[in-house]
Amino acid sequence: MKKYFEQLRPMERRLAVGVIVALILVANYVFIWPYYGEWGNLDNQIRQGQQTAQNYEATIDQTGTYQLKLKKFENQGEFVVAEDQAIYFMHTIQTRSQATGVNIENTSRSVTHTNDAFYVEQVQSISVVATDQQLVDFLYQLGNDPSMIRVRDLELQPDGPRQHLDASIQLVASYEKNPAKNLKNSTASVK
C-alpha cells in the first residue's frame, strides 16, 4: 500500500487521503454515532439492576422478621368453630346494638355461603330504628369487629314522626374455614 501511495502525484495523494477520510466519517456516521448514546443507557440499566439486587437482598435478610410478624398476625385472628358462627354473629350484632342504643325490630334467619376457599360468609338481615348518630356508631363498631362484618345492603327511610330512621340492613361476616390447615399451608409457603 505504501508503494502504491508513493507512486501517486501530490494532487492524487490529497484526493486519496480525502476519500479515505470521507469513508471513515461515513462509516462512523452509519455504524458508531447512532449507538454512542447507548453507553449511558447501559450504565443506567446496570445501576438500576444493582439497586434492585440490593433491595431484594435487604428483603431476604428480613425474612426472619417477616416470619415472626406472620406468626403474630396468624395468632391474632379470632377463630369461631363452624357450628357457633351464626350464634356468634348474631351475638355480636346484638351487643353492638345495645352499646350504641340501636333498637333491632326484626331479624331474619342467617344464611351461610361457603363458596370461598378460605372463608365462610354468614349473611344476616335486620331491621332497626335509630337516630342517625346511633346508626353510624352501630355500623362503625360492627366494622371494627374481628369477624370482618360489613354492610352488603342498606335501605333507609324516616319513621312516622320523622325523629328516627328505619333501616333494613343486610350484614355479612367472614369467618375462617379451616384455620389449622391454612396455618400449615401459609408457613410452608413462607419457607
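Reader: Why is the contact between the side chains of R152 and E121 called a salt bridge?

Author: In this predicted model, the N to O distance between R152 and E121 is 3.1 Å, and because the rule asks for a side-chain nitrogen of Lys or Arg within 4 Å of a carboxyl oxygen of Asp or Glu, the pair qualifies as a salt bridge. R152 lies in strand β4 and E121 in strand β3, 31 residues apart, so the pair links distant parts of the chain.

Reader: What makes E121, R150 and R152 one network?

Author: E121 also forms a salt bridge with R150, with the closest N and O atoms 3.1 Å apart, and the three residues are joined because their salt bridges share partners.

Reader: How do you know whether E121 is buried, exposed or partly exposed?

Author: E121 has a relative accessible area of 21%, and because buried means under 20% and exposed means over 50%, E121 counts as partly exposed. The values for R150, 34%, and for R152, 45%, also fall in between, so both residues are partly exposed as well.

Reader: What makes strand β4 and β5 a pair?

Author: They are joined in the antiparallel sense over eight bridges, and because two strands pair if there are at least two bridges between them, β4 and β5 meet the requirement. One example is V151, whose bridge partner in β5 is L171.

Definitions and conventions:
Residues are numbered from 1 along each chain as its sequence is written. This is a predicted model: local features need pLDDT of at least 70, side-chain atom pairs count only at pLDDT 80 or more; totals for chains, interfaces and linings use all residues. Side-chain values use heavy atoms; hydrogens and water are left out. Helices (H or I, at least four residues) and strands (E, at least two) are DSSP runs, numbered from the N terminus. Buried means under 20% relative accessible area, exposed over 50%, partly exposed in between (1.4 Å probe, protein chains only).
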